[in-house]
Amino acid sequence: MIEKILSKGKSVGFSTVEAFRIKKEKHEYEKFLDYNSSHSLKSDNLSVRAFWEFGEPVGFNLSKPDIRSIKKGFSNICSLNIPGRKKNYAYLLPSKAQKVRMNIFDDSIKIFDIKRFNELVEKITEILVSFPGLSLKGIKFSTELKKCYVSNTKGLNAKYKKTNFNLHISFGYNNNLIEISETETRFAKINPFRMISRAFNLLNSLTDNNMDIKKDCNLIFSPEASVFVLREFSNNFCLGLNGSFKKINFPSVLSIIDNPDLNYQTGSVPFDDEGIQSGEKYLMNKGILLDRISDIKRAFYNKKTCSTGNGFRSDKSIFPFPRFSNFYIKPSVLRLSKLMQDAGKGILVSLIKLKKIENNERIFSAYGYRFKNGDINEPVHFYFKTSFFSYFLNILKVSKEMKFFNINYNIGSPYLLVNAKHLYESVLQI
Amino acid sequence: MKKFSVDLIEDNFFYNFTYDSYDRKEYIFRKKTGILKREYNGSWNSSSFELNSTNDARAYISKDFKSSNLDKFETNNLEFSPGKLLRDNEFILNFLRSLDLKEWKIVFRVKSLNRLMINNKNKELRNIFVHYSMIIKLKLNGCRNYIEIGEGSTGSFKFNQTGLSLRIKDVINNHKNQKKHDFKAKIPVVLNSGDGGIIFHEILGHSLEADYIYQKLSPISIHDVGHQVISKNVNLATKYEGDIFFAKIICDDEGVLSKSSVLVENGILRNLISDIYYKGLLNIKNSGYSRVEDFAKVPMPRMFAIYLKPGHYNAQELIESTKYGIYAKEFGEGKTYFNKNSFFFNINEAYLIENGKLTSPLGNVIVKGNIMEALNSVDMVADDFRYDKGISYCFKNGQTLNVRVGQPTVKINNLFVNRDFND
């Protein structure tokens, strides 16, 4: 089929044609009080991007494509007559992809059914008994099998398959509601106990009492809190989006990586949706900013020689755009206990919410626990103000323990020890 | 609840053409066809399949079904010519080129949605929705984000280019000349007629959705039906005579037509926004508000259109009666947080009201408040009812839908105004 698509494109006058086909099988299960539902989806989607000699590409997307609809698709984009006069980026499309073996597929997806979902619900209900006050509001579970194929008229012909398991639980506690979600490529890695403990910890830290801060303070960001800030500033690591990229020296403990080549991670792929293969990319190495992620189009417009292999399509987009694969702060060899020991006392930040954006600065509302001499004490609430540069400049230490969270893309962080200055009332400046 | 089943067969087209300040043109089109089969038998089971053509749906639907409608289904008669769009909209393009902007982008879109619902009695119902839009994205000097201004229509690509250029001019001037104000206490906010209705969609419409009520997330409870729980100045309906926006949508995505269009009458809660399932769970009379983005997803209670009915004040009286407050003219995105009974809204063009007169431009501000307090603080409703500009969208549980809102100028007391997001 793919060969026919490419040759059809050539025959109607396009100089380069790319075809991206994705077949999905998805099953969703939901339980909310008396509401029980299951939904299954089978889809087969084709996205075509076609280039004339000059000008921007044109494209179309079809569900369950066949030769007739593909012909119609090409005749539609051919009739437009909108080629430009400028050189385009078709020459940057890859001509081959090497075979990569990657552990992102779990065979157990075939045997998952409503019975196993009910077992999962029972397990969660059982674990909840150990967390008094925490109530279960709803559970959603989904399994997804994805098969991707990318080909182009330059000779590329590559494919891979991948599984994803997502568990989403809503909890209530003292009139607060929290939703916790975990996505894994292997079912065995979904850990309801870890999710419930995480929810309990987060809900317990939600205090309305603003902390009375009088002086500068050490903060230890949990992986979850750190990931929130990292995501907020992630545009600075993305070519063609907002954000500045100055060559300044950040602390040498800090290295930031995008790596699609990690086993079992949800952001892992052997190649991106344009067929570009990449591995570990240091966006910041030992405090030095090195690179930003890009797809072929942004690389071309920003006069870069090649894409970083981060061109991905969303469910609704026909053309790729830059997105991280597994994006994370590189862990060190220090344990969390060492960070707490070095800090002496301070706040262990567990939950962060964005409150305000002012030019390049952001104000976050933060919840966490005071700690002193290794002991974790009462919950506190405070605010902190920071910018991309000042945040990363004030990171003192990075821990060994590392966690990934899937929020649009896979993003990870270890614990971070950060220096914060007292600004006024319960507001700190990082 | 009784056993129930419905098949939804869908054929949709989407065309998108983007032209930007760098003279780049990008064109895409998408065709998606498929079937969603749903069945309730103690619990819901549904499955979606993509199809090459609607005729292929026969393999999935009941053998008793003899409709010939499937053959006539593919009705893609839409005309979408990027070259013609650029020629027809030369006025607005030249206007954009003449402005001192960091960047601009113009997006032309047309979406056509064709649905056939077949319920367990083999009753067939057909919905058609075609939506044309032109959205202009502006990046002002010194601003990080795009400001979006646009128009949508269910008829054709004919838009009011002069009106759009004036709106763009006003937004740019408002941002250029903005003066920063610190509003420490709650103040009155006068919402412009038309698009301002999106606030009622967010804070009242969603509060009336049966799934949120059943899950006890909404600040409104089932026991509130029949009682006055919000300001008596609020009259909310799902139909407004003469509006043709959803004219070819005759039923919801379960094949049900709502029996009543009244949601709130003089502050008294009359009906909820429900689908068949929640109607049964909550033991209410009305459904007809089940919607789904496309056949690959699961439907849920959603709004089509909501209209705040006009009152008897002149719009100018609302501003004149305000000593110190703001006038919200152009609206951006907003969000409702049911767990905190709060909401926030971006206002892209706002003005300060001092002693009954519009004074300083304020640029972009955020209006926020407590849902029930805001609904009980609807102080004055004018008589200048208008529909939105045709590009209102609603996001819920990962699904985006076109919605329609309409309202006259409205004054709500007790809202916070600043540049913060909600905590």
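Is K216(B) buried, partly exposed or exposed, given its C-beta neighbours inside 10 Å? I'll start there. K216(B) has 14 of those neighbours, so it counts as partly exposed. One caution before I go on: this is a predicted model.

Why pick that lysine? Look at its backbone. K216(B) is not a glycine, yet its phi is positive, at about 60 degrees. Most residues other than glycine have a negative phi. As for location, K216(B) sits in the loop between α5 (210–214) and β8 (236–237) of chain B.

There is another residue of this kind. N283(B) also has a positive phi, near 55 degrees, and is not a glycine. N283(B) belongs to the loop between α6 (276–282) and β11 (290–291) of chain B. N283(B) has 7 other C-beta atoms within 10 Å, so it is exposed. The cut-off for exposed is 12 or fewer.

Now the opposite case. Take helix α4 of chain B, residues 198–205. Eight of its eight residues are buried, so the helix is largely enclosed by the rest of the structure. In order, they are I198(B), I199(B), F200(B), H201(B), E202(B), I203(B), L204(B) and G205(B). Note that H201(B) and E202(B) are on that buried list.

Next, helix packing. Two packed helices are described by the angle between their axes and the distance between the axes. I have one pair from each chain.

Chain B first. Helix α2, residues 90–98, and helix α3, residues 161–176, have axes that come within 9 Å. They cross at roughly 20 degrees. That makes α2(B) roughly parallel to α3(B). The crossing of this pair is right-handed. Who touches whom? From α2(B) we have F91(B), I92(B) and F95(B). From α3(B) we have Q161(B), L164(B) and S165(B). That contact holds four nonpolar residues, two polar ones and no charged ones.

Now chain A. Helix α1, residues 2–11, packs on α2(A) with the axes 10 Å apart. The angle is about 30 degrees. The cut-off for roughly parallel is under 35 degrees, and α1(A) and α2(A) are therefore roughly parallel to each other. This crossing is right-handed. On the α1(A) side, the contact uses K4(A), I5(A), K8(A) and G9(A). On the α2(A) side, it uses I67(A), I70(A), K71(A) and F74(A). By class, that is four nonpolar, one polar and three charged residues. An α-helix has 3.6 residues a turn, so residues three or four places apart point the same way. Keep that in mind when you look at the spacing of those contact lists.

On to domains. Chain A is split into domain 1, residues 2–201, and domain 2, residues 207–429. Their C-alpha centres are 25 Å apart. Across the boundary, 28 residues of domain 1 of chain A contact 24 residues of domain 2 of chain A. On the domain 1 side, β2, β3, β4 (135–152), β5 (157–173) and β6 of chain A each supply at least two residues. That side has 14 nonpolar, 10 polar and four charged residues.

Chain B has two assigned domains as well: domain 1 is 4–176 and domain 2 is 187–418. Their C-alpha centres lie 23 Å apart. Here 34 residues of domain 1 of chain B meet 24 residues of domain 2 of chain B. Several elements of chain B give at least two residues each to the domain 1 side, including β1 (4–20), β2 (25–40), β4 (103–119) and α3. The largest share of that side is seven residues, from β5(B). By class, the domain 1 side comes to 13 nonpolar, 15 polar and six charged residues.

Last, the contact between the chains. How many residues does each chain give? Chain A gives 37 and chain B gives 33. On the chain A side, β2 (35–51), β3 (58–63), α2 (67–78), β6 (176–184) and β14 (345–358) each supply at least two residues. β2(A) gives the most, with nine residues. The class count for the chain A side is 12 nonpolar, 16 polar and nine charged.

One link to take away. α2(A) packs against α1(A), and α2(A) also supplies residues to the side of chain A that touches chain B.

Conventions. Residues numbered from 1 in each chain as written. Chains lettered and ligands numbered in written order. Predicted model: local features only at pLDDT ≥ 70, side-chain atom pairs only at ≥ 80, totals over all residues. Axes fitted to C-alpha atoms, helices over the stretch in contact; angles between N-to-C directions. Helix = DSSP H or I, 4+ residues; strand = E, 2+ residues; numbered from the N terminus. Parallel < 35°, antiparallel > 145°, perpendicular 65-115°, else oblique. Left-handed = near helix turned anticlockwise from the far one by under 90°. Contact = placed C-beta atoms within 7 Å. Nonpolar A, V, L, I, M, F, W, Y, C, P; charged D, E, K, R; others polar. Buried ≥ 20, exposed ≤ 12 C-beta atoms within 10 Å, placed from the backbone. Domains from an automatic or database assignment.
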